[in-house]
Amino acid sequence: MQVPAPVEYERALSVEEAIALLVKHGSESRLIAGGHSLLPMMKLRLARPEVVIDINPLAGALSYVRREGDELAIGAMTRHADLLASALVSEHAPIIAEAERVIADPVVRNRGTVGGSLCQADPAEDLSAVFAALGATVRIRGPRGERSVDIDSFHTGPYTTVVEPDEILTEVRVRIHPGASSAYEKVERRVGDWAIAAAGAMLQVSGAAITSARIGLAAVGAEAFRAPRAEALLSGKEGSPELFAAAGAEAGRECNPHSDQRGPEDYKRHLVSVLTERALSRAYARASGGAAR
Amino acid sequence: MTTVEEGKAHVGFGRMLRKEDARFLRGKGNYVDDIRLPGMLHGAILRSPHAHARIRSIDTSAAEAHPKVKAVVTGATLETLNLAWIPSLSHDVVAVLATDKVRFQGQEVAFVVAEDRYSARDALELIDVDYEVLPPVVDAKRALDPDAPVIRDDIEGKKDNYIFDWEAGDKAVCDDVFAKADVVVSQEMLYPRVHPAPMETCGAVAWMDPIDQKLTIWSTTQAPHAHRTLYALVAGLPEHKLRVISPDIGGGFGNKVGIYPGYVLAIVGSILTKAPVKWMEDRSENLMSTSFARDYHMRGEIAATREGKILGVRVDVLADHGAFNNTAQPTKYPAGFFHVFTGSYDLAAAHCHVRGVYTNKAPGGVAYACSFRVTEAVYLVERMVDRLAQELGVDPAELRMKNLLRPDQFPHVTPTGWEYDSGEYPRALQLAMDIAGYDELRREQAEKRARGELMGIGISFFTETVGAGPKRHMDILGLGMADGCEVRVHPTGKAVVRLSVQTQGQGHETTFAQIVSEVTGIPAEDVEVVHGDTDNTPFGLGTYGSRSTPVSGAAAAVASRRIVDKARIIAAAMLECAPEDLEWDRGSFHVKGDPGTSKTIQEVALAAHGPMDLPDGVEGHLDATCVYDPPNLTYPFGAYICVVDVDPGTGKVAVRRFIAVDDCGPRINPMIVEGQVHGGLADGVGMALMEAIAFDEDGNNLGASFMDYLIPTSLECPSWETGETVTPSPHHPLGLKGVGESATVGSPPAVVNAVIDALAPFGVKHADMPLTPAQVWRAMHGNPMRTDLAIQ
């Protein structure tokens, strides 16, 4: 049995109370939702918060997927399993459903939350790449009020985000673009492992032309989980296998993977190329109405 | 498909539900960590963060000042008890707690005993160890370099990292065969370091009763009797005052054969504190410090005629044994049974040379369902046969069929000295090919290749070598590998069978009851199996190397026959006839020609305990014992076929089908056999595709958690297709051969052969396990990686 260091436990019944507890206990306190990242790190004593603030009572208020105008609003306490089961998500952001299908395993998906995944900010986090591809915004509340942050400026480095120690991420918002669709591709050594590399794509299409393209990459050190040079290749062009292969190759070149036991750098770059190409092809087919969702 | 009739008495072999599952399925097992004794304290081990470092000093004062800490033990403490080092199972010594140096990451440095597990763990952080970090030996291939750091400077005069050289087979004859052969193919291959990773980690509860000076140890051991004797020999404790209890065990796979420092420390902790002490390692401790398996760098060569008649196999092995030579196998075989690498083929000659070296890694080497390195041997020969097929451009099934030993060649003595007991190899391979639809699969593959799709078909034919072993050849530290059994029939006809072997999930409580039932006719439900407690069972060396059925199963059969023999005499007295006038109907005797005049075994049991005058020389009661010294090993075998699909873009392998035909002789309980085969096949898929412990250049263990050391899930495993042939062992009383490790031994080469077959369009000849997506892609591009080192 792996045993964590001594830790105090608090339980927040509202967002306001969670913020008040964060203010009270300072930077050595941590929010705990699904706990599937924090608890293992605590057991290995890699994380040693003095206080954990349990926000599971907030699930009632912060667990939802709903359409608000031309946006999808996803509450931070929404569990992975709920996201996977959501018809709204499948309809408007198939990339999310495809990613959720390959995130960890059912046990983790039943407990882990969207907000927890984003705030943990693991460089291999699938949802970071997904929301980067979708151009999401996140809502953050704290003692100084509420703010919205573009996903591109959300991450400040591996395992770090703009969320201050006394703040809480409450919601993720995704714009529903007309004529757009998306797809996600991931290769892992085994079901439940982190990605060796993963690529998501969102394409907005008008006629045969790509009017907007966003690519999200996980586990390969991509700045803001994006592949801007590959995206630039796509904009305004007509979709074709050659174009997607070229964009994939560019994504493979511009990301910044490092070798580890999941694979050497050259393989990861290759994998990014292949997965980007595949995600682009499928997203394009979907957006053009050419292939099944 | 397993179907079991409920509510009916089961006599003899056949499918029946596992008796032990009544408690396991309810979560009511009793594992070491479930043991709670009054006043029990908890221990935790401080481990080395470095692979190689000199210990300048250890300051334990802050830990000792912790209010809940009862004792802190260091190597210095143990030196005063003469317990800092203990003998290994392979003519070496092992540090219980490091005194001079640490020699692998995760090595035991200090032990804290505290009132609770949390405090013990917290206090570890209060111990200050001053290390002088030394350069480590990580790459086994560099271990014998002249400038390599010397790991074992504790051994007087030791100037290098050499352990042993060992050979088998006639080198001159073999070299001659190779010199004259039309075709010789050679291949370097690594069987990487893998870990048994049983669901239950290792642990112990020790209680030295200060009044009667009796030491009781509940521990995760596959060999309670061997442990008791070794504790007695090592610590000078009187053996009659030692009791080792192995309660329910959550998987062993060889990981729980040896004596770990933690067990010794729990004992020392109990002696020092005069209280029971529990020590239970966590997952990372299990993965980092306990017995691994394999780590064999092999160079194989195979010689054949142009027509595809295999003539010989020779192998050169560099064996990485880690920091201490602590492999567990019969004493005179430092490379275990590796010399069974001649496999299932009719060879003119064979030779192997194995060289063992020290590295700064955890010790071990023989663990994980390996039958003493038969896993490595089968992998070697089955990869070599596929390499030969590739070189000759012939179908690997056809090449095997042509070279398999024929039934009329048994008993067969191999060029390395094994005497295979029985086998019908071509029949098993043909059955596997029939189940697979082999020719159709090859047609499908050809079509797919034409479209650029990668599909592979891999075959493995293995011969296992289990049931160690004949006392004249095999002992462990001087203890002969014979096992005892006692069968006692109670007055009411129910029975108890006491065994030296210990189940870790294999279903002994069911299968041994079935063995007694098969012979005596007493329903299996009426036979209680007692094991895992040295005070209540006869001596024997325990469960590993698939030896329970071949050795203890034979002991149980012989003891049961002795029961029946005695019952015959008593029944004859009851029926007032001569014993030879009785016929045995399994469960009852009747007078020949008069089926109505009979006595059941239960009636005989009551009479044996009753007032009746028994014939001269027959004592009362109905019990018998046997110590079984097997005349030979048993040789289960099987034919496996694996079908894989490889994504040409990503290198990801999907195992589509797996056909396993096993021949383990008669099956005691086919359901349990199938379960063991299923588990072993999953093991094989894991080792072939994802499992490995690599080390970085500083000697850091890169597989120290289940995030890093991957074990396959149901999603990586196909629905297994199993088949059977039955070739009884001629020397086992019931013809049984054992099956525990067959699938683990046989499956990895089938998976690897399938993947390499899929990659044939790229000209790939070999790539080492695990065949991760990255490794497959690298192989496709002619640049496969070394899988024992950090990926660069």
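Predicted model: local features only at pLDDT ≥ 70, side-chain atom pairs only at ≥ 80, totals over all residues.
Local features are described where pLDDT is at least 70 and side-chain atom pairs count only at pLDDT 80 or more, while totals for chains, interfaces and linings use all residues. Residues are numbered from 1 along each chain as its sequence is written, chains are lettered from A in the order in which they are written, and side-chain values use heavy atoms, with hydrogens and water left out.

**Exercise 1**

Describe how chain B meets chain A, from the residues in contact to the salt bridges.

*Solution.* Start with contact, which means heavy atoms within 4.5 Å. By that rule, 34 residues of chain B touch 30 residues of chain A.

Next comes the area. The two chains bury about 2700 Å² between them, with 57% of it on carbon and sulfur atoms; buried area is the accessible area (1.4 Å probe) that two parts lose on being put together, summed over both. On the chain B side, B:L710, B:W777 and B:I791 lose the most area to chain A, together 20% of what that side buries.

Finally, look for salt bridges (a side-chain nitrogen of Lys or Arg within 4 Å of a carboxyl oxygen of Asp or Glu). There are 5 between chain B and chain A. B:E125 pairs in this way with A:R45, and their closest N and O atoms are 2.7 Å apart.

**Exercise 2**

- A:R45 is not a glycine, yet has a positive phi of about 60°.
- The peptide bond from B:A468 to B:G469 is cis, with omega near -25°.
- From B:M769 to B:P770 the peptide bond is cis, with omega near -10°.

Helices (H or I, at least four residues) and strands (E, at least two) are DSSP runs, numbered from the N terminus.

**Exercise 3**

Work out how α10(B) and α11(B) are arranged.

*Solution.* Take the axes, which are lines fitted to C-alpha atoms over the stretch in contact, with angles from 0 to 180 degrees between N-to-C directions. The axes of α10 (residues 396-403) and α11 (residues 425-436) of chain B come within 10 Å and cross at roughly 160°. The pair is therefore roughly antiparallel, the class for angles over 145 degrees.

Now find the residues. B:A397, B:R400 and B:M401 of α10(B) meet B:P426, B:L429, B:Q430 and B:M433 of α11(B).

**Exercise 4**

Work out how α16(B) and α17(B) are arranged, and which residues take part.

*Solution.* Helix α16 (residues 670-689) and helix α17 (residues 742-758) of chain B pack at about 45°, with axes 7 Å apart. The two are therefore oblique to each other, the class left once angles under 35, over 145 and from 65 to 115 degrees are set aside.

For the contact, α16(B) supplies residues including B:V677, B:L681 and B:V685, and α17(B) supplies others, among them B:P748, B:V751 and B:V755.
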